[in-house]
Amino acid sequence: MGKVKADFEYDVVIVGGGPAGLSAGIYLGRKGVKTLLIERGRFCGAKNLFGGVVYTESIKTLAPEFPNVEPFPCERQVTEEGYLILTERGYVKLTHSKEDRTHSFTAFRAKFDPFLADVAQRAGVDLAPKTKVVDFLKDDDGNISGVIVDRPKSFFDSSPASISAKVVILAEGVNRVLSQKAGLYSRDFQPEEVVLSVKEVLQLPKGELEKRLGLKEDEGLALEILGFITQGYPGLGFLYTNKNSISFGIGVFLSELAKNRVRPYELLERAKTHPFFQRLFEGAEVLEYGAHLIPEWGYKGFPKFYGNGVLVCGDAGGFVNPLFKEGTNLAIYSGLLAGETAFLALEKGDFSEKTLKVYEEKLKESYFYKDLALAKNMKDLFLRNKHIFSTYPELLYEAMSLFFSAQGKFKREVIKEIITLIKKKRGFLGVLKDFLSFARLFW
Ligand SMILES: Cc1cc2nc3c(=O)[nH]c(=O)nc-3n(C[C@H](O)[C@H](O)[C@H](O)COP(=O)(O)OP(=O)(O)OC[C@H]3O[C@@H](n4cnc5c(N)ncnc54)[C@H](O)[C@@H]3O)c2cc1C
């Protein structure tokens with residue numbers, strides 16, 4: 001690959017200052033590689049939104065001292081986690097208490113990403129916030145050998161500045177514009193390949209959060225919500241507790257929202273009329289509102305992860321496992337692998353596909369790649385089988401209502417009533433078919 005002339009020179013340029021880009025940067029900075037991380041937001045985390053549970057194990061790979069860090073970048077430890085299954089009238093709550101109280105934490109990106117950015121800077125990475133990468137710099141053979149940004153070259157020359165790099169790591173998030181421009185994706189994503197998520201942060205009067213959710217000050221709750229919350233559309237809701245507020249949101253496949261002309265904000269408003277949330281959010285003040293896409297193209301829509309002089313990681317690569325709400329940790333792990341690969345290429349002095357292909361091999365060995373391969377048909381099942389989001393939540397709630405209000409009745413009659421309910425709502429054959437198609441996902 002030929003050398004190019006540029007205004008600035010780096011060994012590696014990383015596009016995007018989310019967890020993926022910052023992790024790649026931290027790895028490379030610690031190896032002494034001259035690295036520049038470019039983030040279009042005012043600061044890392046400024047433009048980002050997530051649910052927000054983060055996982056200690058992945059964070060420790062970047063900052064081994066976590067969670068014993070000052071200032072602490074998270075809100076609450078998650079001490080209770082599980083599902084809230086909603087119907088129009090009621091709910092079934094299935095949660096477990098977590099033995100390891102430091103396993104995961106709730107966080108806001110505006111605090112969490114700057115924490116990682118600080119680790120990256122201390123590792124020697126140069127950060128360029130408020131800067132957008134608009135194109136690639138290419139050598140005479142057409143290979144990527146740097147980036148062009150929306151900032152002027154200098155005070156005297158307003159044309160866009162160029163930065164050369166032996167490897168460019170794309171960690172640009174779900175919109176994947178540059179990854180596509182680099183030829184790693186051959187097409188735009190489709191509406192059925194992304195979930196549109198909206199989130200509110202609701203503040204309760206002091207002490208009310210603990211009182212209403214039965215928590216102590218050092219305890220936190222993380223709930224995934226299924227059923228009425230999405231009005232039966234394929235998707236999930238979430239409720240996570242912060243120090244003094246609650247993150248409450250809904251995500252539904254964009255294709256379903258478009259087809260049914262539903263706005264996710266309307267779903268969120270409707271959900272707040274449910275008795276469970278009415279009670280919980282009484283007197284609450286909305287502090288923040290935001291919307292963001294989640295990549296769900298997964299294994300079947302994976303890009304080519306490498307090209308001459310380029311690698312892609314994090315959301316831009318499609319590394320999200322929605323069933324286990326793994327996003328930030330997969331961004332961290334894939335970012336680290338991209339960093340490792342770039343370092344290897346620098347050691348070899350070869351930045352061509354031949355060497356960068358190692359990245360794909362590393363990914364294939366990872367647990368998360370295998371997880372995504374295993375669940376490759378999950379999205380299709382969720383989009384095809386609407387019963388998961390409507391019939392089953394109703395069924396579970398009604399069956400449990402019958403089961404627990406059976407006093408004064410011969411129990412065989414109660415069981416018969418539950419069986420009749422299953423027959424009426426879905427039929428045994430339907431239940432068996434659904435069970436098999438779900439089980440087949442993991443075989
Ligand atoms: C509503 C919602 C809830 C979620 N909840 C959770 C959760 O609870 N737990 C979890 O683990 N994951 C969750 N996720 C997923 C998680 O947020 C993502 O998987 C993770 O943030 C991906 O990190 P990333 O670094 O790949 O991308 P991002 O975090 O999206 O970062 C990409 C960065 O690139 C920058 N950028 C983009 N283009 C350019 C450019 N051209 N030039 C310069 N900069 C650019 C952006 O400004 C951004 O800062 C959630 C996501 C959403 C939307």
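These legends walk through a few close-up views of a predicted model.

**View 1. Strand β13 and its side chains.** Strand β13 covers residues 167-170. Val-167 and Ile-169 point one way from the strand, while Val-168 and Leu-170 point the other way. Whichever way they point, all four of these side chains are buried.

**View 2. The strands that pair with β13.** Here we look at the neighbours of β13. Strand β2, residues 12-15, pairs with β13 in the parallel sense over 4 bridges. To find your place in that pairing, look for Val-13, whose bridge partner in β13 is Val-168. Strand β20, residues 310-312, also pairs with β13 in the parallel sense, over 3 bridges. In this pairing, Ile-169 stands opposite Leu-311 of β20.

View 3. Side chains of opposite charge can pair when their charged atoms come close. In this view, Arg-101 and Asp-218 meet in a salt bridge, at 3.6 Å from N to O. Arg-101 sits in the loop between β7 (91-97) and β8 (104-107), and Asp-218 in the loop between α5 (208-213) and β15 (221-227), so the pair ties together parts that are 117 residues apart in sequence. Arg-101 is partly exposed, with 31% relative accessibility, and Asp-218 is partly exposed too, at 42%.

**View 4. A salt bridge between buried residues.** Lys-272 and Glu-200 join their side chains in a salt bridge, at 2.7 Å from N to O. This pair also links distant parts of the chain: Lys-272 is in the loop between α7 (264-271) and α8 (275-280), Glu-200 is in strand β14 (residues 194-203), and the two are 72 residues apart. Lys-272 has a relative accessible area of 15%, so it counts as buried. Glu-200 is buried as well, at 1% relative accessibility.

View 5. The side chains of Glu-360 and Lys-364 form a salt bridge, at 3.7 Å from N to O. Both residues belong to helix α11 (residues 358-365), where they are 4 residues apart, or about one turn of the helix. Glu-360 is buried, with a relative accessible area of 16%, whereas Lys-364 is partly exposed at 42% relative accessibility.

**View 6. A network of salt bridges.** Some charged residues link up in a group: Glu-81, Lys-98, Glu-224 and Lys-325 are connected in a network of salt bridges. Across the whole structure, a search finds 30 salt bridges.

Terms used:
Residues are numbered from 1 along each chain as its sequence is written. This is a predicted model: local features need pLDDT of at least 70, side-chain atom pairs count only at pLDDT 80 or more; totals for chains, interfaces and linings use all residues. Side-chain values use heavy atoms; hydrogens and water are left out. Buried means under 20% relative accessible area, exposed over 50%, partly exposed in between (1.4 Å probe, protein chains only). Two strands pair if DSSP finds at least two bridges between them. A salt bridge is a side-chain nitrogen of Lys or Arg within 4 Å of a carboxyl oxygen of Asp or Glu.
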